[in-house]
Amino acid sequence: MLYCKKPVVIEAVRWTGSNLDDIQCFVGSAFTYDKKLIIHTLEGDHEAKVGDYIIKGVQGEFYPCKPEIFAKTYEAVEQTTCNDSARRDMELSRKTHCEF
């Protein structure tokens, strides 16, 4: 059988090597950094290299994604294309992980 991936709006932050505050704000405690950025995923710890995207999955989990895979899998969307529930979830997630 063939399957088609459901359209899902995700949140992601690209690791630039100098935006550790953005990563911390995005993932909360789901990472460690000691010269390497380690993302704590459901499958264990994974190193994110500079240029990788850190994605928030549908269960609220985080994982790194290589830029080539990200570009083939995702495209930017306008906030207005998100349904109200998805938009509320994203805004709540930001408030939960990062104090401004």
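Colleague: Which caveats come from the record?
Modeller: This is a predicted model, so local features need pLDDT of at least 70 and side-chain atom pairs pLDDT 80 or more, while totals for chains, interfaces and linings use all residues. Residues are numbered from 1 along each chain as its sequence is written, and side-chain values use heavy atoms, with hydrogens and water left out.

Colleague: In what order do the strands of the open sheet come?
Modeller: The order is β1-β5-β6, with antiparallel pairing. Strands here are DSSP E runs of at least two residues, numbered from the N terminus. Two of them pair if DSSP finds at least two bridges between them.

Colleague: Which strands stand at the edges?
Modeller: β1 (11–14) and β6 (62–65) do. Each has a single partner strand, so one side of each lacks a neighbour in the sheet. On average, neighbouring strands are turned by 25° against each other, direction ignored. The axes behind that angle are lines fitted to C-alpha atoms; angles run from 0 to 180 degrees between N-to-C directions.

Colleague: How many bridges join β5 to β6?
Modeller: Four, with β5 covering residues 53–56. Ile54 stands opposite Pro64 in β6.

Colleague: Switching to Glu61. Buried or exposed?
Modeller: Glu61 is buried, and it has no salt bridge. Buried means under 20% relative accessible area, exposed over 50%, partly exposed in between (1.4 Å probe, protein chains only). A salt bridge needs a side-chain nitrogen of Lys or Arg within 4 Å of a carboxyl oxygen of Asp or Glu. For Glu61, the nearest side chain of opposite charge is Lys56, 8.6 Å away. Lys and Arg count as positive, Asp and Glu as negative; His and the chain ends are not counted.

Colleague: What does the side chain of Glu61 reach, then?
Modeller: The backbone nitrogen of Gln59, at 2.9 Å. Glu61 itself sits in the loop between β5 and β6.

Colleague: How many salt bridges does the rule give?
Modeller: Two. Lys49 pairs with Glu47, closest N and O atoms 3.3 Å apart. Lys49 is partly exposed at 42% relative accessibility, and Glu47 is partly exposed at 31%.

Colleague: And what does Asp52 form a salt bridge with?
Modeller: Lys66, with the closest N and O atoms 3.0 Å apart. Asp52 lies in the loop between β4 (44–48) and β5, and Lys66 in the loop between β6 and α2 (67–73), so the pair ties together parts 14 residues apart in sequence. Helices are DSSP H or I runs of at least four residues.

Colleague: How buried is Asp52?
Modeller: Its relative accessible area is 3%, so Asp52 counts as buried. Lys66 is partly exposed at 38%.

How values were computed. A polar contact is a pair of N or O atoms within 3.5 Å; within protein, one must be able to donate a hydrogen and the other to accept it, and residues adjacent in sequence count only if both atoms are side-chain atoms.
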